[in-house]
Amino acid sequence: MFIDGYHLTPNWPAIRTKNNDDWICHEVAAFGRAHKRMLISQGVSEGRIFLVNPPLLSAQERYGRRREETDEFDVIVLSWQPLHRNPLASYSSPRRTLRDALITLKSSGYRNIAVKIRWRAERTYVAALCRELDLAIPILEGPLHTHLHRTSLFVGGISGAVAQVIGADLRYIIFEPEENGYSDSMISKSHAISRSSISRTVDELQNLLLTSATSWLGDYHENLFVK
């Protein structure tokens, strides 16, 4: 079993046998040591786990950091999506979360901001929100790895984008209000982030922005890569 992207919380492997006494998959790929530790903590035997470097990072290896002294943007904000498997998640949350993030960034002194959307269909609500806030903000599309050279700071939710950004030796601050569907209990089972390393409220986001903090725990060379 290979997962899509990089799961920061243990959402997998979810498929078990009819009697619920074993995993259906015989082997599970762990994307680095942090992933392996999380799998073991969820009851997957070490003998069924094999380590590989995160496949999503292979596409960005040819996109190095720009060598200019200044970045094109002060920060790139990544659009949110709710955790669909949690019935308590609010599908109206991404717009509110983006609005709060943009207001907090502006009040924290960030001026040159861009928003990176996941899908083209998001452009409509993002553009409308920017007009509502009277902000002239570029809306970026396409694979994330093609934008990694444009800034040193990303703000977004819990997603595989965290591994992509951290793997490029950049800074990622997680802003994940509870209404998006990620509970504190889920976050506590992660081996890459913790409740204290992320922000749930605008005040917590502002505090992380004021420091040099990033939401990834520990040395990413040790936790994200095999060698």
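The model is predicted, so to speak: local features need pLDDT of at least 70, side-chain atom pairs count only at pLDDT 80 or more, and totals for chains, interfaces and linings use all residues. Residues are numbered from 1 along each chain as its sequence is written, and side-chain values use heavy atoms, with hydrogens and water left out.

Helices here are DSSP runs of H or I with at least four residues, numbered from the N terminus. Axes are lines fitted to C-alpha atoms over the stretch in contact, with angles from 0 to 180 degrees between N-to-C directions.

| Pair | Axis distance | Angle |
|---|---|---|
| H2 (residues 93-107) and H6 (residues 202-209) | within 10 Å | roughly 45 degrees |
| H2 and H3 (residues 123-132) | 11 Å | about 40 degrees |

Let's start with H6. H2 and H6 are oblique to each other (angles under 35 degrees count as roughly parallel, over 145 as roughly antiparallel, 65 to 115 as roughly perpendicular and the rest as oblique). Their crossing is right-handed, meaning the near helix is turned clockwise from the far one by less than a right angle. On the H2 side, Asp100, Ala101, Thr104, Leu105 and Ser107 touch Val202, Leu205, Gln206 and Leu209 of H6, with contact meaning heavy atoms within 4.5 Å. That set splits into five nonpolar, three polar and one charged.

Now for H3. H2 and H3 are oblique too, and they cross right-handed. Here Pro94, Arg95, Leu98, Arg99 and Leu102 of H2 meet Tyr125, Val126, Leu129 and Glu132 of H3. This contact has six nonpolar, no polar and three charged residues.

Conventions: Helices (H or I, at least four residues) and strands (E, at least two) are DSSP runs, numbered from the N terminus. Ala, Val, Leu, Ile, Met, Phe, Trp, Tyr, Cys and Pro count as nonpolar, Asp, Glu, Lys and Arg as charged, and the others, Gly among them, as polar.
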